[in-house]
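Me: I would like to go through the labels attached to this structure and ask what stands behind each of them.

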Amino acid sequence: MPAGAPRVFVSHLAGVPVFDPNGDQVGRVRDLVAMLRLGGRPPRVLGLVVEVVTRRRIFLPMTRVTGVESGQVITTGVVNMRRFAQRPTETLVLGELLDRTVRLVETGEEVTVLDVAMGQLPARREWEINKVFVRRGRSRALRRRGETLTVDWSAVTGFSLEEHGQGAESLLATFEQLRPADLANVLHHLSEKRRGEVAAALDDERLADVLEELPDDDQVEILGKLQEERAADVLEAMDPDDAADLLSELPEEDKERLLALMRPRDAADMRRLMSYEEGSAGGLMTPDPIVLRPDATVADALARVRDQDLTPALAAQVYVCRPPDETPTGRYLGLVHFQRLLREPPYTLVGSVVDTDLRPLPPEAPLPGVTSYLATYNLVTAPVVDEGGSLLGAVTVDDVLDHLLPPDWRERELYGMALPPVAGRAPQVPAGRPEAPDVR
């Protein structure tokens with residue numbers, strides 16, 4: 001590549017918006033597709049994997065890219081909306097090349113790939129990967145940072161070999177800012193091998209958040225690849241209702257082993273949730289709503305609502321119980337909506353503003369009844385109380401939606417609608433290639 005030719009490190013492209021010539025956003029870059037070649041020749045970059053607004057992943061050929069600039073990619077505006085499917089001869093640059101262990105040709109030394117750079121060939125719209133940013137040594141366990149250097153593609157070897165135990169540090173750094181649902185979408189599109197490696201590299205809290213957003217099959221697959229002690233820790237970090245749903249998908253022996261490794265209180269919550277019928281209020285609820293005694297103040301309630309670990313739905317109201325102020329033994333008195341808390345002086349006792357008119361749900365209430373209850377009273381959360389008047393938990397609208405939507409809803413396109421036309425035109429394919437628009 002001649003001096004002065006543009007060079008882009010691919011990690012800088014992750015999540016970058018893609019625009020058409022009119023400045024309308026098409027989507028965001030989620031990966032790059034390359035083809036490895038023999039003889040130490042630099043891989044050719046075939047195109048970009050772009051996630052459009054519907055969460056569909058499409059292939060954008062590099063021949064349709066007119067500019068790769070700071071913080072954005074510009075296309076010709078001609079976009080084919082067919083879902084991207086990786087071919088056997090193709091490699092995902094972010095998903096499969098980063099964190100690989102390769103060797104320097106000159107010394108045979110093992111190095112870890114932190115990033116790769118691509119450059120555009122002169123007088124053409126073709127791009128190739130020509131530089132590799134590596135770190136010497138494999139001392140991740142000792143947390144030592146080795147020397148880093150950038151070398152030519154031909155100076156390293158080993159990319160074409162299958163690697164077991166490939167790390168995921170650089171890949172995770174690339175997607176560090178993604179919401180759990182978006183990171184789950186990234187994991188879902190990785191190979192089974194790579195998905196397990198990335199999951200192993202996530203900390204327990206982050207993995208728990210991501211697992212809650214994955215399809216059931218992916219959840220079971222990932223959990224099955226973790227050591228049992230860690231699997232139990234991750235289940236404890238998940239929302240109890242989501243963890244109970246996941247445990248229900250496992251064989252009975254595996255379920256019991258994991259429950260035995262969990263903290264007694266968490267295991268008891270899991271068993272209680274699994275004892276209810278699937279789709280009932282008891283099966284849908286979380287056992288960890290905000291519970292306060294009647295002598296607590298509005299200031300106390302607002303302090304609990306501010307907890308950043310609470311979902312917006314659970315923070316929408318607090319439940320008032322006579323001691324003990326916890327589920328499933330607290331005597332339910334009523335609830336206080338968040339808006340009411342905002343209207344009262346901080347020193348006001350919650351017992352004096354509690355709403356006792358709204359009847360709670362029984363644990364055996366079926367899904368249609370729960371749905372009608374939330375819709376009738378315009379609620380995002382509902383209390384679940386047993387015959388003895390004890391608060392068992394709360395059902396949130398997001399858990400209800402999980403069970404109302406089709407089983408594969410997480411794998412479908414976001415919003416369930418088509419992408420708006422690009423640059424005022426309907427989605428189209430390059431002329432003359434109706435069945436092979438990828439031009440790969």
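Reply: Start with the rule for pairing: two strands pair if DSSP finds at least two bridges between them. The model is a predicted one.

Me: What makes strands β2 and β7 a pair?

Reply: Strand β2 (residues 17-19) and strand β7 (residues 72-75) share two bridges. The criterion asks for at least two, so the label applies. The sense of this pairing is parallel. Valine 18 has valine 73 in β7 as its bridge partner.

Me: How do you know that strand β6 pairs with β7?

Reply: Four bridges join strand β6 (residues 65-69) to β7, and the two run antiparallel. Since at least two bridges are required, the pairing counts. Opposite glycine 67 stands isoleucine 74 in β7.

Me: Why are β14 and β16 said to stand at the edges?

Reply: The sheet is open and has three strands in the order β14-β15-β16, with mixed pairing. β14 (291-292) and β16 (331-337) each have a single partner strand, so one side of each has no neighbour in the sheet. The pairing of β14 with strand β15 (residues 317-322) is parallel and rests on two bridges. Leucine 292 faces valine 320 in β15.

Me: What makes the contact between glutamate 256 and arginine 271 a salt bridge?

Reply: The N to O distance between the two side chains is 3.1 Å. The cut-off is 4 Å between a side-chain nitrogen of Lys or Arg and a carboxyl oxygen of Asp or Glu, so the contact qualifies. The pair links distant parts of the chain, with glutamate 256 in helix α9 (residues 252-261) and arginine 271 in helix α10 (residues 264-274), 15 residues apart. Glutamate 256 has 32% relative accessibility and is therefore partly exposed. Arginine 271, at 40%, is partly exposed too. The whole structure holds 23 salt bridges.

Me: Why is aspartate 269 called buried, and what is its salt-bridge partner?

Reply: The relative accessible area of aspartate 269 is 4%. The partner is arginine 265, with the closest N and O atoms 3.5 Å apart. Both residues lie in helix α10, four residues apart, which is about one turn of the helix. Arginine 265 is partly exposed, with a relative accessible area of 39%.

Me: How do you know that glutamate 344 and arginine 340 form a salt bridge?

Reply: Their closest N and O atoms are 2.7 Å apart. That lies within 4 Å, so the pair is counted. Glutamate 344 is partly exposed at 23% relative accessibility, and arginine 340 is partly exposed at 30%.

Me: What makes the phi of aspartate 99 worth a remark?

Reply: Phi is about 75°, a positive value, although aspartate 99 is not a glycine. Most residues other than glycine have a negative phi. Aspartate 99 lies in the loop between α1 (93-97) and β9 (101-104). Its relative accessible area is 2%, so aspartate 99 is buried. Asparagine 378 also has a positive phi, near 55°, and sits in the loop between α14 (367-376) and β17 (381-385).

Me: Why is asparagine 378 called exposed?

Reply: Its relative accessible area is 69%. Exposed means over 50%, so the label follows.

Notes:
Residues numbered from 1 in each chain as written. Predicted model: local features only at pLDDT ≥ 70, side-chain atom pairs only at ≥ 80, totals over all residues. Heavy atoms only, no water. Buried < 20%, exposed > 50% of the residue type's maximum accessible area, 1.4 Å probe, protein only.
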